[in-house]
Amino acid sequence: MSESTQIEVMKQHLIDPEICIRCNSCEEACPIDAITHDANNYVVKPDVCMACQACLPVCPTGAIDNWIRVLAQEPYPIDEQFEWMSLPVEKTLPENAVEIPTGGRREGEQEALAAASTPDGGVVGELKPGDELIEGQPATTAGSSVPPWSAAHPYVNLYTHKNVAEATVAGNYRISADNAESDIHHIVLDFESLPFPVLEGQSIAVFPPGLDARGRPYYARQYSIASPRDGERPGYNNLSLTVKRVTSDYDGNPVAGVCSSYLCDLRRGDKVRVIGPLGATFLMPNLDRANLLMICTGTGAAPMRAMTERCRRLTKRSEFQGRLMLFFGARTQHELPYFGPLMGLPKGFIDINLALSREPDHPKRHVQDLIVERASDVLTLLQDPNTHIYVCGLKGMEHGTLAAMKNIVEASGQSWQELSAGLREQGRMHFETY
Ligand SMILES: Cc1cc2nc3c(=O)[nH]c(=O)nc-3n(C[C@H](O)[C@H](O)[C@H](O)COP(=O)(O)OP(=O)(O)OC[C@H]3O[C@@H](n4cnc5c(N)ncnc54)[C@H](O)[C@@H]3O)c2cc1C
Ligand code: SF4
Ligand code: SF4
């Protein structure tokens, strides 16, 4: 066949809409904005994706690792991908077709991207933590794409959408005060004899029952685990979640969140369909001398509770000597999940800093303000190679938190660029925001 009539095929990078839980991690990780979404689906732009694979390790479900052979001139456009309920089956292609490299139509750019990827295919390294703040890049990329070296090995994706686990509700309690605006629940799920091993910092995804507006089953929503590895009740095969009922959308319009409403209304004995465990990097060090610097807002308290409770149980057995420092933001103390139990923890065990933004008769404070107020203690922790940083909660807290740490480090005459690069490379700085 002459070159002019040669038929080219390529592997098109696609997201499986049945498995995707719409967590947005891939869109944040893609260095060239090849991923976008609408109300239905997350999709990959065929003319932009360079197949660098930086999005693969951040996907908690594996939904993004799909490469279907298509005619190079006829990739599936994103408008079509937005409408999909499931992945298309690969079409039969001409036998004499020549396969071209994915994204190979722009080879120079592909090389540049490959250079920007971390060796493990992780989040691209060309974004420098300090620069991200200035250039408005997603702050999440400042976090580690690897776990702490001492972390226990997690099990991930034991249960998937094809192999869903069933848990029984063992308890569901409102943990925000009766007069608080936020309706936050502590929900205990029991797996009985079903193997569901988890570590602090992992999450699960829950399928709400029912169908969406297009008549397809709702996709699963992700929730951080709030209990330590040995269970909400030690020695039992259960875990807890901290769920806030969504009552308005991001623009403030009233809306009843599908999955959060379902979870908050569950009763003891109800069955819940779950996939997971999810997450292999937001893990705590497994070391008795580790320090944890924990920064959270709202339900971002869930993994912090899991880690704190793990350390508390270890301390009781004299198996932990590290320092815990917590910065916790909420509008009022009534809206702080776990306020009572948190205040009951010994001062020598955990250094608690509450940033309340709407507490009457109190100055308005956000977590970043408190971090700056505690600059010298934060600096001591940041300089200690045994310190690990965890940030969880509202997306908006990422930049402020990073900026506060950057200011503290630079005010001491040190390079934030160097320090934060080390933290990231050593799996010691983790973000989980939503
Ligand atoms: C890694 C990860 C961990 C998470 N951990 C937790 C957790 O521990 N506890 C918890 O409560 N949630 C957690 N979430 C958020 C959770 O997955 C759901 O997004 C949330 O419960 C809303 O789902 P829904 O079905 O109720 O709302 P939907 O029906 O999906 O959304 C309803 C409307 O509200 C908007 N919306 C969605 N979420 C929010 C929000 N948080 N605030 C304001 N508007 C919103 C949507 O854009 C939509 O317009 C986590 C998310 C991720 C990615
Ligand atoms: S493979 Fe690379 S370019 Fe393509 S969507 Fe993933 S991160 Fe973006
Ligand atoms: S589940 Fe995977 S494919 Fe879906 S939005 Fe999250 S990272 Fe992207």
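# A walk from ligand to loops

By class, the shell around ligand 1 holds 9 nonpolar, 7 polar and 4 charged residues. Keep in mind that this is a predicted model.

## Stop 1: ligand 1

Select ligand 1 and the residues around it. There are 20 of them, and the closest are Gln-222, Tyr-223, Thr-242, Cys-259 and Ser-260.

Start with Arg-221: a polar atom of its side chain sits 2.9 Å from an oxygen atom of ligand 1. Go on to Tyr-250. Here a polar side-chain atom is 3.3 Å from a nitrogen atom of ligand 1. Then take Val-258, where a backbone N or O atom lies 2.9 Å from an oxygen atom of ligand 1.

How much of ligand 1 does the protein cover? On its own, ligand 1 has 910 Å² of accessible area, and the protein covers 79% of that.

Next, colour the elements that give two or more residues to the shell. They are β9 (221–224), β10 (238–244) and α5 (258–264). Which element gives the largest share? Strand β9 does, with 4 residues.

## Stop 2: Ser-240

Stay with strand β10 and select Ser-240, which is found there. Is Ser-240 buried or exposed? Its relative accessibility is 0%, so Ser-240 counts as buried.

Show the side chain of Arg-305 as well. The side chains of Ser-240 and Arg-305 make a polar contact at 3.5 Å. Arg-305 is one of several contacts of Ser-240 beyond its neighbours within four places in sequence. Others include His-186, Ile-187, Val-188, Ser-224 and Glu-232.

## Stop 3: a salt bridge across the chain

Now turn to charged pairs. Side chains of opposite charge can pair when their charged atoms come close. The structure holds 22 salt bridges.

Select Glu-28 and Lys-395. They form a salt bridge, with the closest N and O atoms 2.6 Å apart. The two residues are 367 residues apart, so the pair links distant parts of the chain. Glu-28 is in helix α1 (residues 25–29), while Lys-395 is in the loop between β15 (387–393) and α10 (397–411).

Check the surface at each end. Glu-28 is buried, at 16% relative accessible area. Lys-395 counts as partly exposed, at 33%.

## Stop 4

Select Arg-69 in strand β4 (residues 66–71) and Glu-90 in the loop between α2 (78–83) and β5 (98–99). Their side chains meet in a salt bridge, 3.6 Å from N to O. The partners are 21 residues apart.

Glu-99 is in strand β5, 30 residues from Arg-69.

Arg-69 is partly exposed at 30%, Glu-90 is partly exposed at 38%, and Glu-99 is partly exposed at 39%.

## Stop 5: Asn-66

Remain on strand β4 and select Asn-66, which is found there. Asn-66 counts as buried, at 18% relative accessibility. Where does its side chain reach? It comes to 2.7 Å from the backbone oxygen of Ala-63.

Now show what Asn-66 touches, not counting residues up to four places away in sequence. The list is Gln-12, His-13, Leu-14, Ile-15, Asp-16 and Leu-87.

## Stop 6

Finish with the backbone. Most residues other than glycine have a negative phi, and most peptide bonds are trans.

Pro-277 lies in strand β11 (residues 271–278).

Move to Ser-318, in the loop between α6 (301–316) and β13 (324–330). Ser-318 is exposed, with a relative accessible area of 60%.

Last, select Tyr-338, in the loop between β13 and α7 (339–343). Is Tyr-338 buried or exposed? Tyr-338 is buried, with a relative accessible area of 10%.

Methods: Residues numbered from 1 in each chain as written. Chains lettered and ligands numbered in written order. Predicted model: local features only at pLDDT ≥ 70, side-chain atom pairs only at ≥ 80, totals over all residues. Heavy atoms only, no water. Salt bridge = Lys/Arg side-chain N within 4 Å of Asp/Glu carboxyl O. Buried < 20%, exposed > 50% of the residue type's maximum accessible area, 1.4 Å probe, protein only. Polar contact = N/O pair within 3.5 Å; in protein donor to acceptor, adjacent residues only side chain to side chain. Contact = heavy atoms within 4.5 Å. Near = heavy atom within 4 Å. Areas by Shrake-Rupley, 256 points an atom, 1.4 Å probe, with all protein chains shown as cover. Nonpolar A, V, L, I, M, F, W, Y, C, P; charged D, E, K, R; others polar.
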